[in-house]
Amino acid sequence: MKAQQASERAFKTAIHFRKEIAGALSVDAAGFAEALVRAAQYWADKDDVCVISRSGDSDENAIARRGNAERIIPGGDEEIARLLVNRDFAWSDRNDGKIVSGDYRAWLALPISGKKETHLVAIIARKGRKFSGEEKNAGKLLASYFSMALKDVRARNRKAAAITEEAEHRILLRAQGSIGRKKPPFPGFFQLSDYSARAGSDFGEMWPIADDGLIACSCDLTAGDAERHAGLVYLDTWFSILSQTSLEMRDIVQRLNVDMVKRSSECYASLAGVRYSRKTGKAEIAGAGSATALHFSHESMSARVFSFGAAAGVRKDIEIRSHDVMVKTGDVICLCTDGLTAARRPDGDLVGADAVAEAIRRNYFLAAEDLAAKILETVSSAAVPEANADDRTVQVLKIL
């Protein structure tokens, strides 16, 4: 590298590096390092180039090497790790062979640093003469440019991640909104959901079954957006199939749990379900997790609250609680997700299932649609806006 060309070559290097990463929406650590090796060679000319960085594996002390690293720094990681500690531009006009191979007379170390640490170091090694003052100055400027490029890439990655996350969330909300539509009505049944929290976590649906009955389920999924989206579609399919079998509600939830445990990605379902037969008058209630079910008896004017254990998908051997209730005309079965019961009051306490039960006791005479609206209204009035914000789904089955 001719001394008088150092600044010109540094400029050329910056242009090539910018071209390397310009077309990518996001750039990972390995991609940035590889682009750095290729671009730095434009500045190094006939000198050898390598890049070192922290390895991405489980050993935080391991060093990743790229370019001509085996030739330039044949030693162990402990020696070259010192370059990642030092955030300053470094050089040696008389190489002692401790870090860089003794085959080279001189070397430059260009640190690419963030706010608190050096993330990568580009090493230029020369066999002939030492580096000139102009070359060292150009190297410092190039190190600063790469550090700024790293900062820009990180900002770009955060923006790309935010865009991706928002896109995934929109897809999730569309899937959530589409589930349960165009289902045939069932006398005395109504579902109401408040999705204003935009969590995309709730699932609620009803399926007509034999014996002039129905299966209904209110479910809250815990998972990341992408897996939650897949979970919504999965549950919709699962219940749509199993609701047409003779399986009891407990068996459906049990099979669901076993299958969810096998999924490679973590996704947990808190649900309350009921299988009701108008022919026999039996309502079988079963569930898992933090969802809640209630039975209001018109005869005794009292409400019984059913709670459940661990969420489906947590482990294979969870207890699936099931309750058989013989219902009569005027009784109410209510299923709801914890967006209602876990809403927070101004005093810090949770609204709780008792508030839902009281809303049913006071308004049991209303039609199912109006009763569901009154339950949601009661919770919304009692809760602090935005506190414990979550989707809220309530299903009301009024026995006619």
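Reader: Let's start with Gln395. Which residues is it in contact with, leaving aside neighbours within four places in sequence?

Author: This is a predicted model. In it, Gln395 is in contact with Phe189, Phe190, Gln191, Gly204, Glu205, Ala216, Cys217, Ser218, Ile333, Cys334 and Leu335. That leaves aside its neighbours within four places in sequence.

Reader: Where is Gln395 found? And is it buried or exposed?

Author: Gln395 is found in strand β15. Its relative accessibility is 1%, so Gln395 counts as buried; the cut-off is under 20%.

Reader: What joins the side chains of Gln395 and Ser218?

Author: A polar contact of 2.9 Å.

Reader: β15 again. Which helix has buried residues that pack against it?

Author: Helix α10. The buried residues of α10 pack against β15 (392-398), and also against β6 (189-194), β14 (332-336), α8 (338-341) and α9 (352-363).

Reader: Which residues of α10 are buried?

Author: Ala368, Leu371, Ala372, Ile375, Leu376, Val379 and Ala382. They cover an arc of only 140 degrees around the axis, so they sit on the same side of α10.

Reader: Why would residues spaced like that point the same way?

Author: An α-helix has 3.6 residues a turn, so residues three or four places apart point the same way.

Reader: How far apart are the ends of α10, and what span should it have?

Author: Helix α10 covers residues 368-382, which is 15 residues. At 1.5 Å a residue they should span 21 Å. The end C-alpha atoms are 21 Å apart, which agrees.

Reader: New topic: sheets. What is the order of the strands in the open sheet of 5 strands?

Author: The order is β2-β1-β5-β4-β3, with antiparallel pairing. The edge strands are β2 (63-67) and β3 (90-92), and each pairs on one side only. Neighbouring strands are turned by 20 degrees against each other on average, direction ignored.

Reader: Over how many bridges do β4 and β5 pair?

Author: Over 8 bridges, in the antiparallel sense. Strand β4 is residues 106-113 and strand β5 is residues 118-126. Ala106 stands opposite Arg126 in β5.

Reader: Which strands of the sheet does helix α2 touch?

Author: Helix α2 (residues 29-44) packs on the sheet and touches β1 (48-54), β2, β4 and β5. Its direction makes about 155 degrees with that of β1.

Reader: And α4? Which strands does it lie across?

Author: Helix α4 (residues 77-85) lies across β1, β2, β4 and β5. It runs at about 110 degrees to β5.

Reader: Which α4 residues are buried?

Author: Ile80, Ala81, Leu83 and Leu84. They cover an arc of only 145 degrees around the axis, which puts them on the same side of α4. The buried residues of α4 pack against β1, β2, β4 and β5.

Reader: What does the face turned away from that buried side carry?

Author: The exposed residues Glu78 and Val85.

Reader: On to β10. How many of its residues are buried?

Author: Strand β10 (residues 282-288) is mostly covered, with 6 of its 7 residues buried.

Reader: Which strands does β10 pair with?

Author: β10 pairs with strand β9 (residues 268-277) in the antiparallel sense, over 7 bridges. Another 6 bridges join β10 to strand β13 (residues 321-326), again antiparallel. Take Ala283: Tyr276 stands opposite it, and its bridge partner in β13 is Val325.

Reader: What about the hairpin of β9 and β10?

Author: There are 4 residues between the strands. Gly281 takes a positive phi near 80 degrees in that hairpin.

Key
Residues numbered from 1 in each chain as written. Predicted model: local features only at pLDDT ≥ 70, side-chain atom pairs only at ≥ 80, totals over all residues. Heavy atoms only, no water. Helix = DSSP H or I, 4+ residues; strand = E, 2+ residues; numbered from the N terminus. Expected span 1.5 Å × (residues − 1). Buried < 20%, exposed > 50% of the residue type's maximum accessible area, 1.4 Å probe, protein only. Arc of directions from axis to C-beta. Contact = heavy atoms within 4.5 Å. Pairing = 2+ DSSP bridges. Axes fitted to C-alpha atoms, helices over the stretch in contact; angles between N-to-C directions. Polar contact = N/O pair within 3.5 Å; in protein donor to acceptor, adjacent residues only side chain to side chain.
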